[in-house]
Amino acid sequence: MSFSVTEPTKGTKWFAGILVIGYACITLVPLLWIIATGFKSPTDSIAYPPVVVFEPTLEGYVNLFTDRTRATPDMLEAAGPAETWYDKITRERGTVISGPSRYGERFLNSVIIGFGSTALCMVLGTMAAYAFSRFKVPLKDDLLFFILSTRMMPPIAVAIPIFLMFRNLGLNDTHLGMILLYTAVNLSLSVWLLKGFIDEIPIEYEEAALIDGYTRFQAFYKVVLPQAATGIASTAIFCLIFAWNEYAFAVLLTSGTAQTAPPFIPTIIGTSGKDWPAVAAGATIFLVPVMVFTILLRKHLLRGITFGAVRK
Amino acid sequence: MTLSPMDTAASKTPESMAKRIRGLSDRTIAWIFVAPTIFLLLAVNIFPLIWTIRLSFTNFRVNRPNNDVEWVGLRNYKRILSDPDVWNTMQATAHFLIWTIALQVLIGFFLAFLINKKFKGNDMWTTIIVFPMMLSPAVVGNFWTFLYQPQIGLFNYVVTFFTGGDPASFSMIGDVHLAPWAIIIADTWMWTPFVMLICLAGLRSIPDSIYEAAECDRASKWRQFWTLTIPMALPFLMLAVLFRGIENFKMFDLVVQLTGGGPGNTTTLTSIDLKREAFEKWRTGYSSAYAVILFVTVFGLASIYVKALNKVKER
């Protein structure tokens with residue numbers, strides 16, 4: 001074993017480890033609280049002092065996905081016994097399910113807009129990044145800076161004209177409109193990141209392909225694309241996470257058909273005030289994919305959030 | 001024999017198209033590849049920005065499209081810059097920015113410094129620490145209001161448990177003095193990992209050999225920290241401040257869900273104020289001028305800062 005003076009001592013490591021783990025645990029508390037609240041009954045969720053040990057119930061999830069109406073005891077009696085488990089849960093509160101809530105719809109919108117904009121963004125971003133990486137584009141540095149600077153704009157500052165423009169084009173509150181918008185917002189990230197990834201692929205591969213008689217296009221999609229696959233995948237996840245989490249444009253520019261989940265979750269209200277278990281259930285379902293992606297992404301994390309300005 | 005135009009096209013197209021693509025110069029291909037991106041950015045970012053600037057000189061209102069649009073010159077700008085409420089908002093934003101950046105840089109750097117000690121399992125714990133910043137700020141902000149609720153909220157419970165206050169009357173987001181701190185705490189929880197990651201990259205970029213040399217010179221650990229670690233990591237720290245500064249200047253989702261700008265106007269940051277003017281009061285011209293002022297501020301501050309950053313990097 002090699003000895004290095006810069007290697008921290010065992011004691012230092014211990015000390016550092018305990019502090020970091022302590023911070024991580026504090027960080028985790030709000031997150032775990034969200035997940036736990038989703039499985040609490042409404043009474044448990046607002047109990048004082050807050051309960052840590054409780055009997056888990058799916059009531060929050062049932063409330064999240066359904067609309068319910070209050071029914072009088074004789075109405076419930078007349079309706080006969082509950083047929084399904086979720087019906088049973090709502091009847092304990094004297095309500096019957098009147099239909100699905102809009103959460104499913106909003107969640108689906110998030111999926112459509114998130115994946116749609118990510119796909120479009122990857123196509124345009126890869127092409128632009130390839131061109132910036134391999135060709136002499138006139139005004140290259142200026143164009144690259146221009147692309148980056150579009151990210152500095154506060155969403156509200158451009159929301160008004162986008163709102164007017166979309167209204168004239170009939171794109172207001174449509175999936176296509178939101179896909180185009182999120183694609184534009186994410187393009188800066190994807191061009192910068194992908195350029196970094198493509199820069200790292202040796203140019204000799206393409207030259208060899210060109211000598212073999214490939215055209216530029218063939219060299220691009222048969223040689224460069226497979227080489228850049230991991231980079232493209234991680235860039236795609238970053239774009240997806242951003243589109244997934246976006247709130248300002250979603251709340252300002254959509255009201256019904258194309259509204260995504262982030263503006264919807266906070267509006268979930270129960271019979272008496274906020275239905276916190278349902279809100280927590282909605283948040284949990286919404287957060288879990290991102291947490292999974294974070295674990296998958298951990299190696300590329302830094303590059304992604306800083307546009308590749310910092311290399312790890 | 002006569003061929004219909006269709007047949008002519010069919011027989012000619014494949015070959016000549018192939019020839020044309022093969023014959024495309026690199027320059028043309030570059031343009032074909034870059035053009036869609038530039039076009040989309042112009043359409044969705046630059047065009048609206050120019051439109052905003054134009055609207056900022058008018059008294060246009062979106063909810064009254066049939067009213068005559070009057071050119072009012074710089075009147076909107078004058079009104080904004082002489083409005084004490086706007087200055088209060090700016091002050092609230094500055095307060096928010098200074099504290100979040102200070103806390104995040106301090107805690108973030110300290111964490112990075114500790115993680116860099118390479119203790120067992122540091123990768124896993126780093127990933128856990130990073131979770132908050134990947135989540136949706138609006139959803140997270142909304143849930144923090146629950147944690148802050150008087151009586152029922154977990155945060156409230158913990159604080160009153162340790163301070164012995166009355167849990168029913170203690171409210172982070174209902175108190176004029178505490179509300180700004182409620183958003184600072186939530187923002188710090190969410191974004192400290194970001195600063196931590198960048199600092200970590202900075203610390204890892206310092207070669208071990210420098211420390212070995214310092215060790216030979218018998219420099220104390222403390223001295224090594226101040227004369228080696230800090231200066232070497234400084235460009236990264238400054239980069240973190242830049243990114244956080246821009247992001248927090250346009251902060252909207254987290255705060256809107258957390259406090260909605262209240263109580264009173266204590267947590268009304270500029271972007272929230274702007275949203276009210278534009279989408280609640282529908283004063284489009286006025287809010288466009290407001291947006292332009294904010295945009296110029298961010299851009300101005302950011303470019304001055306980037307110059308300073310480049311100087312530090314050159315050293």
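Start with chains A and B together: they bury about 9,100 Å² between them, and 82% of that area is on carbon and sulfur atoms. The model is a predicted one.

Next, select B:Phe33, B:Met134 and B:Phe143. These three residues supply 9% of the area that chain B buries against chain A, more than any other three.

Now widen the selection to every residue in the contact, which is 99 residues from chain B and 101 residues from chain A. On the chain B side, colour helix H2, residues 26–55. This helix of chain B provides the largest share of the side that touches chain A, with 24 residues. Colouring the chain B side by class gives 70 nonpolar, 16 polar and 13 charged residues.

What polar pairing is there across the interface of chain B and chain A? The rule finds seven residue pairs in polar contact, with both residues at pLDDT 80 or more. Salt bridges across this interface number zero by the rule.

The structure holds one cavity of 30 Å³ or more, and the largest cavity has a volume of about 40 Å³. To find the largest cavity, select its lining: A:Leu31, A:Ile34, A:Ile35, A:Thr284, A:Leu287, A:Val288 and A:Met291.

Which elements of chain A give two or more residues to this lining? They are helix H1 (10–38) and helix H15 (276–297). By class, the lining has six nonpolar residues, one polar and no charged.

Terms used:
Residues numbered from 1 in each chain as written. Chains lettered and ligands numbered in written order. Predicted model: local features only at pLDDT ≥ 70, side-chain atom pairs only at ≥ 80, totals over all residues. Heavy atoms only, no water. Contact = heavy atoms within 4.5 Å. Buried area = accessible area lost by both parts, 1.4 Å probe. Salt bridge = Lys/Arg side-chain N within 4 Å of Asp/Glu carboxyl O. Polar contact = N/O pair within 3.5 Å; in protein donor to acceptor, adjacent residues only side chain to side chain. Helix = DSSP H or I, 4+ residues; strand = E, 2+ residues; numbered from the N terminus. Nonpolar A, V, L, I, M, F, W, Y, C, P; charged D, E, K, R; others polar. 1 Å grid on protein atoms, 1.4 Å probe; cavity = no way out; pocket = protein on both sides within 12 Å on 5 of 7 lines; lining within 4 Å. Points joined across faces, edges and corners; volume = space filled by probe spheres on them.
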